[in-house]
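Dear colleague,

I am handing over the structure below, and after it I set out what was found in it.

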Amino acid sequence: MILSKEYITQIRRALVLAKKDMRLYYFKGPVIIFGVLIPLFLFLAFSIGRSIPINSSVSGLLAMTLFFTATAVSPVIIPWETTMRTLERLVSTPITLSTIILGNIIASFIFALIISAVPIIVGVLMGATIANPIILIVGVIIAALCFSSIGILLSTPPSSMPSTIMMLASLLKFPLIFISGIFIPVEQMPGWGQAIAVFSPLTYFTDLARHATQGVGYFPVIMDIGILLALTAVFLYASIKLHKRNLSKRL
């Protein structure tokens, strides 16, 4: 199906908004702290002094890095725009709210891809092997979209304070990394832990990362990919609906 001229125009506008977001927000303090430093320090605290195979280390660090970076940019863009009163100007132009959200997701998606390449490159230089590069590439792309959509969903409360949104995001993100098979593989969890793990989107990317780097995983690859795609659609749909409902409260 050929996209209409209006859809193409909105996509171009979303790309322009993404470029603007990349220039303004990539180097903000909260983004660097929550997107880069925290996952690095968490992983170091867990791995130092333990004999963890390099491939297992790469898959765990990659999962944490991708999750934290993708959810570091998107939750705070709209609150910052609200604080600086630029959101009013955006919605008064011929740009739909869906286009604004798409631009935010693209900026977050690119940031996640760039930073997540670091543990992969470092791991390979340290001797890690990639058992299935195709699974790794597909998994990173889909998960980056999924986690960026989660970030947009987290920004739906009508608050103009980025610190408030980051606090709410942290209340969700930190528990998820401990139930998603990063530190303890899902198959080694007790029954109640496995039951909780299936509700975490991060579980399915962690499993994909293990398939890609170690050649083994808990769920089938198709199941991991299918669930991540389905969750991406759900999070994106819910984000658009909630942002539209709360837009008047922001303005």
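The count of aromatic pairs comes to seven, where rings of Phe, Tyr and Trp (its six-membered ring) pair if their centres lie within 6.5 Å, with planes under 30 degrees apart called stacked, over 60 edge-to-face and the rest tilted. In the pair of Phe 67 and Phe 147 the ring centres are 5.1 Å apart and the planes stand at 85 degrees, so this pair is edge-to-face. It links distant parts of the chain, since Phe 67 belongs to helix 3 (residues 54-83) and Phe 147, 80 residues away, to helix 6 (residues 133-154); helices are DSSP runs of H or I with at least four residues, numbered from the N terminus. Both Phe 67 and Phe 147 are buried, that is, under 20% relative accessible area with a 1.4 Å probe, protein chains only. Ring pairs also join Phe 67, Phe 68, Phe 147, Phe 174 and Phe 205 into a cluster.

This is a predicted model, in which local features need pLDDT of at least 70 and side-chain atom pairs count only at pLDDT 80 or more, while totals for chains, interfaces and linings use all residues. Residues are numbered from 1 along each chain as its sequence is written, and side-chain values use heavy atoms, leaving out hydrogens and water.

Arg 210, found in helix 9 (residues 201-214), counts as buried because its relative accessibility is 10%. The C-alpha atoms of Arg 210 and Leu 61 are separated by 11 Å, although these residues are 149 residues apart along the chain.

Best regards

Conventions: Helices (H or I, at least four residues) and strands (E, at least two) are DSSP runs, numbered from the N terminus. Buried means under 20% relative accessible area, exposed over 50%, partly exposed in between (1.4 Å probe, protein chains only).
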